[in-house]
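Dear colleague,

I would be glad if you read the notes with the model open beside them.

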Amino acid sequence: FFGNQQKELARARAPARARALTTTEFVGRGKSMPSPCGAESSLGAPSTWSETLRAGGLPGGKASSPSDGCEERGRLLPGYQIMEAHAGGTTTGRRVVRYIASGAFGDVYETATNGTEVREAMKMVTIVDRETGHPLPDKERIRRLRPHLLEARVMLQLGRHPNLVGIRGAFRIANDFYFFEDLVPDGRTLKAVLKQQPTGTLTPEQANVVALKMASGLAHMHDRDHRHLDVKPGNVLADVDPTGSICVVKLTDFGQGSTPAYSSPEMRKLLSAATPTATPPATWTTPTLSTVPRAAAAMRASQLRGAESVAAASQDQWSLAVVLIEMRTGRRVAGAVDVTAAGGVGTPGDIALCCLAEDPRHRPTMRAVVETLALLVPDGAGGDHHAATAASGDGAPPPPDEPGPQALAQMHNNIGEALYKQTASSQEDCDWAKEHLTEALKLVEQLHGVDSAEAAPALNNLAGLLESQGKYVEAKPLYE
């Protein structure tokens, strides 16, 4: 019976594959490896939606090898071109402006979109060994790539907000994954800003503005059933102009970990029970969080139960209060009893005390925190928060350069495809991949219709996912 179904799928798959090939140019294929979802993941194959080609700034736009246009250690030089080809034959070109930083996963650059000059932060995650060029072992590839896919998933679910770093593009070129996110011009982490102050603190007015903007972004997350869980100065990007005015504040690093020094007692207890060690780690990482408060692995807060729910529900309020006191006094408090001892807190100390209440059920909602802090900030100083509130009432107007439905569909497709072909380590990952591919198909059908060539990549990816799980009856109509 299943053999006959697979034969029928093979017949249905052929025209579907051909239809997908008409929407994108394939430039090569690499070695295939088994996927935990049961599918074949072609590590060197281009993405079926967003086939991309790197032109390394060579004369005539000549396609380059991965090493062309790179410095020692594979770092990209300014002017290096990243070309993204879309379904329908259009392309988007971005060029590297400057190198920003490196991490275990890869490198971060500032890029500019050709023509519009929109500046973005580009994370480049490599899934091959840079020394040998060989594909990474499955475990290392998943460890390196999966957190960024889950963070991109959260960003898509949250949509756009002026106080949250948003995602603007995600695709693969051969063995490199590219994630394009909002860039804070001349932005530094709040941690760096505080270190550069002679007193290690901000003025009361500056601290109130930063706290309001942070709370506004967090309230947007909470309204959409998400929690950040790792609010700290190192995860806040801030742009301070020469006059000392706070221009931009954006929260970043969604679902990447949780820091004990900024965690509530119930969160520390929960995570310590999950990772019993003599000395708690400096940061609990995503694998730990995904086991305990599953919201940090892109799960909804409403899906948490018992102690997990209590710990996660008001963790952001607690850590926001700790950051607020740190901005005002230079001291990191461990609870409400430390607030008075810190001294010099002033009126914001009241809301901080409420957020640091011993009983998490007595802590205010994040929306209530926003309303309280807004009373302490003049209308002009609140900047994007006050403008957002006036425009929409919920603090989240769409930025003028927000990615449109077509771009969102491509991101959903590319993230869904990567989740099931490259990093799937559980059925949960495959379920998330299905969510993204279904959303991509929905957006494309609204724009172009179900029979359009633009729908073929999402249809093929969704059908391939279902087929890999043995759901042949569900896959066949999608191929057809």
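With which residue does Arg 94 form a salt bridge, and how far apart are the closest N and O atoms? The partner is Glu 120, with 2.7 Å between the closest N and O atoms, where a salt bridge is a side-chain nitrogen of Lys or Arg within 4 Å of a carboxyl oxygen of Asp or Glu. This pair links distant parts of the chain, since Arg 94 lies in strand β5 (residues 91-102) and Glu 120 in strand β7 (residues 119-126), 26 residues apart; helices (H or I, at least four residues) and strands (E, at least two) are DSSP runs, numbered from the N terminus. Both residues, Arg 94 and Glu 120, are buried (under 20% relative accessible area, with exposed meaning over 50% and partly exposed in between; 1.4 Å probe, protein chains only).

The model is predicted, so local features need pLDDT of at least 70 and side-chain atom pairs count only at pLDDT 80 or more, while totals for chains, interfaces and linings use all residues. Residues are numbered from 1 along each chain as its sequence is written, and side-chain values use heavy atoms, leaving out hydrogens and water.

In total, the structure holds 21 salt bridges. Among them, Asp 359 and Arg 361 meet through their side chains at 3.0 Å, N to O; Asp 359 is partly exposed, at 21% relative accessible area, whereas Arg 361 counts as exposed at 69%. Salt bridges that share partners also join Arg 94, Glu 120, Arg 160, Arg 168, Asp 182 and Lys 250 into one network.
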